[in-house]
Amino acid sequence: MRALVIDDSRTMRRIVAGALENLGFSTVQAGDGQQALDLLESGEEVDLACIDWNMPVMDGLTFVTKVRANPAWRSITLMMVTTESEHGQIVRALAAGAHEYLIKPFTTDAIRDKLDLLGLVPAEEPV
Amino acid sequence: MSLTQDTFAFVADVVRRRSAIQLEAGKEYLVESRLLPLAREGGHAGVDAYVREVRAARRESDLAEIVEALTTNETSWFRDNTPFSALRTHIVPGLRAERTVLDGLRVWSAACSTGQEPYSIAMTLTDVLGPGARFDITATDLSDQVLAQARSGRYSQLEVNRGLPAPMMVRWFQRNGHDWQIADELRRTITFTKHNLLDPAPVGPFDIVFLRNVLIYFDLETKRSILGRVHRALRPGGYLVLGAAETTIGVDGDWERVPVERGSVYRPVQAGAVPAPRQAPGTLAGAFTGATPAVPATAPRVPAAAPTSTWPVQPRPATTTLPTAPRRPAGPAFEQGVTR
């Protein structure tokens, strides 16, 4: 399975991508929502997108809204991964079409739990 | 049981060097409780004997397992998913089909730790029973400390991140400073009580008992006596839910295994009841219909099952289907945990 990691922090992209790779994903990264959209429009096919909220150029919520507006991308599972932790923000993200919401900081166990909920944890993990 | 200082010092040193986590004096209980499943899995009587072997064998894999056991916090919401989707798609529909009125359902969540399990049960029952349905959950643990947190219903950011689906989070939790507070509506459905599994069960009868990931800590005789008390506390036709790596088979023959989704639940066999068929056709999980104790290949901490002939109590290798169970469980709850 392939995951798109969208975050303006290179360190955070590396952490999230590393956790996903340990769970058997291949990953591709983008530094903001627009870069991520460009990747999808260029034909990049992913099963999962992990999306930061606050980013320059295009924020995560806008990205989620745009992905949900395109039926071709309906199969992509969208998970916000962000420090934004107000109740109302989680509600907004879910209403916009995000499937899950993981609040930073998180442990690698937490990311695995969320993927498990989404049915996205591969059966065989690399040892 | 208590650890020798030598054992504790060795384990603390391994964990410190590999994870930077300091296990200070006073954490002997933690070391013992986390390593006991590994010791039992390896056929040792206790943690001291297990650690002696680890030190002699010098296997890298043993050391890695010890570090993992001591640094992993296993407490998550909807842990393992399957028991909660089983509650939704099999157990409640099963009880509903057998009773005229399904009101006042009683559940015992044994060894409930900081409360994630009973609250996950409460969230599930609220959904599946519908508005206005009454149920009550007795949640017990040995530790006053974990019960105090469970009762408060207040959880840190890291705790709510663990396995709690976001829609459930926004429905049942509100921010309270840096923490999250669970809704009073759920708290009211649960009574938290201190209880030792070696003592008589809380006052039943219960319709459903969750006893997950705790039998692994006990020897065979103790497991058997705990299962006996649970059996007596369950209503006829009730359900027992064990951990993914646990089974009554080879321990206590008074249970009938019902394959559900990727695991099993158990129902008490009543005295004088006609033994269940050895194998029922059309079970939901065909792989689990054999007489061999079936354990998911992914379950890492299974106490090794001895040949059945050595057990004083003959296991009852029975599996049946629930008459009411949907042939093809549908909906997102079932899909949870299914690998794509």
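Pro105(A) sits in the loop between S5 and H5 of chain A. Helices (H or I, at least four residues) and strands (E, at least two) are DSSP runs, numbered from the N terminus. The peptide bond leading from Lys104(A) into Pro105(A) is cis, with omega near -5°. This is a predicted model: local features need pLDDT of at least 70, side-chain atom pairs count only at pLDDT 80 or more, and totals for chains, interfaces and linings use all residues. Residues are numbered from 1 along each chain as its sequence is written, chains are lettered from A and ligands numbered from 1 in the order in which they are written, and side-chain values use heavy atoms, leaving out hydrogens and water.

**Backbone details**

- Pro205(B) lies in the loop between strand S6 (190-194) and strand S7 (206-211) of chain B.
- Val57(A) has phi near 70°, a positive value in a residue other than glycine.
- Val57(A) belongs to the loop between S3 and H3 of chain A.

**Salt bridges**

- Side chains of opposite charge can pair when their charged atoms come close.
- The whole structure holds 22 salt bridges over all chains (a side-chain nitrogen of Lys or Arg within 4 Å of a carboxyl oxygen of Asp or Glu).
- Asp52(A) and Lys104(A) form a salt bridge, at 3.4 Å from N to O.
- This pair links distant parts of the chain, 52 residues apart. Asp52(A) is in the loop between strand S3 (48-51) and H3, and Lys104(A) is in the loop between strand S5 (100-103) and helix H5 (108-117).

**Where chains A and B meet**

- 25 residues of chain A are in contact with 24 residues of chain B (contact means heavy atoms within 4.5 Å).
- The two chains bury about 2000 Å² between them, 54% of it on carbon and sulfur atoms. Buried area is the accessible area (1.4 Å probe) that two parts lose on being put together, summed over both.
- His87(A), Asp113(A) and Leu117(A) supply 28% of the area that chain A buries against chain B, more than any other three residues.
- Two salt bridges are counted between chain A and chain B.
- Asp113(A) forms a salt bridge with Arg162(B), with the closest N and O atoms 2.5 Å apart.

**Helix packing**

- Helix H2 (residues 33-41) and helix H3 (residues 60-68) of chain A pack at about 25°, with axes 9 Å apart. Axes are lines fitted to C-alpha atoms, for helices over the stretch in contact, and angles run from 0 to 180 degrees between N-to-C directions.
- H2(A) and H3(A) are therefore roughly parallel. Angles under 35 degrees count as roughly parallel, over 145 as roughly antiparallel, 65 to 115 as roughly perpendicular and the rest as oblique.
- Gly33(A), Ala36(A), Leu37(A) and Leu40(A) of H2(A) touch Phe63(A), Lys66(A) and Val67(A) of H3(A).
- In chain B, helix H2 (residues 28-41) and helix H3 (residues 47-57) pack at about 70°, with axes 9 Å apart. That makes H2(B) roughly perpendicular to H3(B).
- Glu32(B), Leu35(B), Leu36(B), Leu38(B) and Ala39(B) of H2(B) meet Val47(B), Tyr50(B) and Val51(B) of H3(B).
- Helix H5 (residues 82-98) and helix H6 (residues 116-129) of chain B pack at about 55°, with axes 10 Å apart. H5(B) is therefore oblique to H6(B).
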